[in-house]
Amino acid sequence: MTDALGWRKKFGVLAPSTNTIVEPDFHAMAVPGVTSHMSRIHIRDQDLSSDEKMLRILQEIDNEILFAVDRVMTAGIDYLIMGMSAETFWGGIEGNIAFTKRLEEYTGLQVATGASACQAALEAFKINKIAVITPYQAVADDKLRSFFSDIGVEVVRLKGLRCSTAIAIAEVSEDTLRNYLMEIDGDDVDGIVQMGTNLSMLRLADEAERWLKKPVIAINAATWWYALRHNNIGDRVYDCGRLLREF
């Protein structure tokens, strides 16, 4: 028997319980026959106001993630997406490989991560000099720089918003993000990458590509694109950035 709506693929999505952006973003990019099913990783204390507190939340996610996996597996999913980006960049390229392997061995399914998606997106655009915007504290921004260095991409500039709580990430306004995009742009970068799946930049990134005249890769768009293409689903999605339209 085939699922009535997910007749092509059913994607399970793991995200922190505090995240209010990645689920509607994925629904906005839906294509016929592919459904996404959220499973939330319990966050008990959402304080992100220091490096130490961010590390504590990441440890909590590591402790809780398999419980979320177990729940979403009961839906008979075909594929797994990690709807949080920071965890997947920890430890550079080897850290992402280890994180992916852990979930793949536990579930028997293939897995999409933000780190894998960013690497594939930058390769598609043939970009090796970027500016980055993140909602994170300095400790996470340093990990991002290390990951991009591992894949041969130079981070020319990085703007870390230092959001104080997990929920505060979703409260950053489009006007604020637009100003930061213009601040970090320059002739010395070939593209801009936005990290943080709870930071709302899907539509703004699509708009910004027109006035910056270069790729602006929103993490949720990249991860969804990677998941589709990883499953040989070539549908184009519009109004969500060049990546989903052209590759």
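User: Where is the place of Lys213?
Analyst: Lys213 sits in the loop between helix 9 and strand 8. Helices and strands here are DSSP runs, numbered from the N terminus (helices are H or I with at least four residues, strands are E with at least two). A heads-up on the source: this is a predicted model, where local features need pLDDT of at least 70 and side-chain atom pairs count only at pLDDT 80 or more, while totals for chains, interfaces and linings use all residues. Residues are numbered from 1 along each chain as its sequence is written, and side-chain values use heavy atoms, with hydrogens and water left out.

User: Why does Lys213 count as exposed?
Analyst: Check the cut-offs: buried is under 20% relative accessible area, exposed is over 50%, and partly exposed lies in between (1.4 Å probe, protein chains only). Lys213 has 71% relative accessibility, so it counts as exposed. Its phi is also positive, near 60°, and Lys213 isn't a glycine.

User: What makes Asn232 exposed?
Analyst: Its relative accessible area is 75%, so Asn232 goes in the exposed class. Asn232 belongs to the loop between helix 10 (219-230) and helix 11 (242-246). Its phi is positive too, at about 60°, although Asn232 is not a glycine.

User: Why is Thr113 called buried?
Analyst: Thr113 has a relative accessible area of 0%, so it falls in the buried class. You'll find Thr113 in the loop between strand 4 (111-112) and helix 5 (114-125). Leaving out neighbours within four places in sequence, Thr113 is in contact (heavy atoms within 4.5 Å) with Met82, Thr88, Asn96, Phe99 and Thr100.

User: How do you know that a polar contact joins the side chains of Asn96 and Ser116?
Analyst: A polar contact is a pair of N or O atoms within 3.5 Å; within protein, one must be able to donate a hydrogen and the other to accept it, and residues adjacent in sequence count only if both atoms are side-chain atoms. The Asn96 and Ser116 side chains have such a contact at 2.9 Å, so the distance is inside the limit. Ser116 also has its backbone nitrogen 3.1 Å from a polar side-chain atom of Thr113.

User: Why does Asn96 count as buried?
Analyst: Asn96 has 4% relative accessibility, so it's buried. Asn96 is part of helix 4 (residues 92-107).

User: What makes the buried residues of helix 8 line one face?
Analyst: The buried ones in helix 8 (residues 174-184) are Leu177, Arg178, Leu181 and Ile184. Looking down the helix axis, they fall within an arc of 140°, so they line one face of the helix. That arc is taken from the directions from the helix axis to the C-beta atoms. Their cover includes strand 5 (129-134), strand 6 (154-160) and strand 7 (191-194), along with helix 9 (202-212) and strand 8 (216-218).

User: Which residues have the most contacts inside the largest nonpolar core?
Analyst: Leu14 and Phe148, in a core of 89 residues. A nonpolar core is a set of buried Ala, Val, Leu, Ile, Met, Phe, Trp, Tyr and Cys residues joined through side-chain atoms within 4.5 Å. Beyond neighbours within four places in sequence, the contacts of Phe148 include Phe89, Ile130 and Val155.

User: Why is Val155 called buried?
Analyst: Its relative accessible area is 13%, so Val155 is buried. Val155 is found in strand 6.

User: How do you know that strand 7 and strand 8 pair?
Analyst: Pairing needs at least two DSSP bridges between the strands. Strand 7 and strand 8 are joined by three bridges, so they qualify, and they run parallel.

User: Why do strand 2 and strand 4 stand at the edges?
Analyst: They belong to an open, parallel sheet of four strands, ordered 2-1-3-4. Strand 2 (34-41) and strand 4 each have a single partner strand, so one side of each has no neighbour in the sheet. Strand 1 (residues 9-16) pairs in the parallel sense with strand 3 (residues 79-82) over four bridges, and Phe11 stands opposite Tyr79 in strand 3.
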